[in-house]
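Biologist: Could you take me through this structure? I would like to begin with the strand pairing.

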Amino acid sequence: MDIALFGIQGSGKGTIARAVCTKYGFHYFETGGELRKLASQDTPLAKKVKAVMESGSLVSNEIVMEIIEDFMESLPDDKPIVFDGIPRKPVQATTFDALMEKKDRDFMGILVEVPEDMAMERLTKRRVCSKCKSVYPADYKEEACEKCGGELVTRSDDNPESIKTRFHAYFDETYPVIEKYKSENKLITIDGTPDIETVRDNVFTLLEEKELV
Ligand SMILES: [Zn+2]
């Protein structure tokens with residue numbers, strides 16, 4: 001059974017998705033990362049994606065589905081996939097469901113739920129390494145990056161205005177997807193307000209209790 005992780009930016013969803021993959025050997029799928037990977041390849045799909053990106057257009061939902069299908073077909077084993085941030089909007093949910101059915105796969109959604117004001121606080125206070133781009137949460141007290149010693153800075157788009165715009169996209173587009181899966185009993189909600197290690201461990205416990213791993 002695959003897993004689709006949902007959560008507002010600042011929920012810790014990405015960190016948790018990676019932790020699940022590391023602990024249980026799941027495959028990790030995140031659209032941005034796959035696009036970057038394709039940029040260095042020379043397959044017909046990679047060429048198509050490059051052409052779209054070079055034209056300055058957004059990658060269409062059809063192409064995103066092609067990327068997911070290609071990803072599924074390239075897997076070296078039958079370990080499940082953790083989808084980080086997919087499906088992001090209702091039209092994508094419809095095509096994603098169809099693709100899953102076509103590939104004879106099933107998934108459970110997990111929503112890492114964090115109130116908007118807490119997510120805002122986490123995002124405005126986080127810092128990023130100016131050299132290696134590692135992200136550090138508000139409670140990281142050191143001045144320098146622990147991986148490379150680089151200076152930690154606040155990202156220019158981590159200001160309340162830009163964050164609110166990103167939140168709006170989540171509430172307008174992704175929230176209906178979450179509601180849909182909730183109504184289909186395909187979504188479990190987990191409290192994302194404790195520190196990230198606690199949330200991560202709670203997700204591990206949940207996956208084990210529900211026999212999803
Ligand atoms: Zn660094």
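Modeller: Val128 has Val135 of strand S6 as its bridge partner. Strands S5 (residues 127-129) and S6 are antiparallel and joined by two bridges. Helices (H or I, at least four residues) and strands (E, at least two) are DSSP runs, numbered from the N terminus. Two strands pair if DSSP finds at least two bridges between them.

Biologist: Before we go on, what kind of model is this?

Modeller: This is a predicted model, in which local features need pLDDT of at least 70 and side-chain atom pairs count only at pLDDT 80 or more, while totals for chains, interfaces and linings use all residues. Residues are numbered from 1 along each chain as its sequence is written.

Biologist: What is the strand order in the open sheet of three strands?

Modeller: The order is S6-S5-S7, and the pairing is antiparallel. S6 (135-136) and S7 (152-153) are the edge strands, each pairing on one side only.

Biologist: And the order in the sheet of five strands?

Modeller: That open sheet runs S2-S3-S1-S4-S8, with parallel pairing. Its edge strands are S2 (27-29) and S8 (187-191), each of which pairs on one side only. On average, neighbouring strands of this sheet are turned by 25° against each other, direction ignored. Axes here are lines fitted to C-alpha atoms, for helices over the stretch in contact, and angles run from 0 to 180 degrees between N-to-C directions.

Biologist: How many bridges does S1 form with S4?

Modeller: S1 and S4 (residues 107-113) are parallel and share five bridges. Within that pairing, Ile3 has Met108 as its bridge partner, and Ala4 stands opposite Gly109. S1 is also joined to S3 (residues 81-84), in parallel, by three bridges. There, Ala4 has Phe83 as its bridge partner.

Biologist: Why is S1 described as largely enclosed?

Modeller: Five of the five residues of S1 (residues 2-6) are buried, so the strand is largely enclosed by the rest of the structure. A residue is buried if 20 or more other C-beta atoms lie within 10 Å of its own, exposed if 12 or fewer, and partly exposed in between, with C-beta atoms placed from the backbone.

Biologist: Which way do its side chains point?

Modeller: Asp2, Ala4 and Phe6 point one way from S1, whereas Ile3 and Leu5 point the other way, and all are buried. In a regular strand the side chains alternate between the two faces of the sheet.

Biologist: Which residues touch the most other members of the largest nonpolar core?

Modeller: They are Ile3, Leu5, Val82 and Phe83, in a core of 32 residues. A nonpolar core is a set of buried Ala, Val, Leu, Ile, Met, Phe, Trp, Tyr and Cys residues joined through C-beta atoms within 7 Å. Apart from neighbours within four places in sequence, the contacts of Val82 include Ile3, Leu5, Ala17 and Phe26. Two residues are in contact if their C-beta atoms, placed from the backbone, lie within 7 Å.

Biologist: Changing topic, how do H2 and H3 cross?

Modeller: The axes of H2 (residues 31-39) and H3 (residues 44-54) come within 9 Å and cross at roughly 105°. The two helices are therefore roughly perpendicular to each other (angles under 35 degrees count as roughly parallel, over 145 as roughly antiparallel, 65 to 115 as roughly perpendicular and the rest as oblique). Leu35, Leu38 and Ala39 of H2 meet Leu45, Ala46, Val49 and Lys50 of H3.

Biologist: Which peptide bond is cis?

Modeller: The bond from Ile86 to Pro87 is cis, with omega near -5°. Pro87 lies in the loop between S3 and H5 (90-102).

Biologist: Where is Asp104, and is this residue buried or exposed?

Modeller: Asp104 is in the loop between H5 and S4. This residue is exposed, with 6 other C-beta atoms within 10 Å. Asp104 has a positive phi of about 60° although it is not a glycine.
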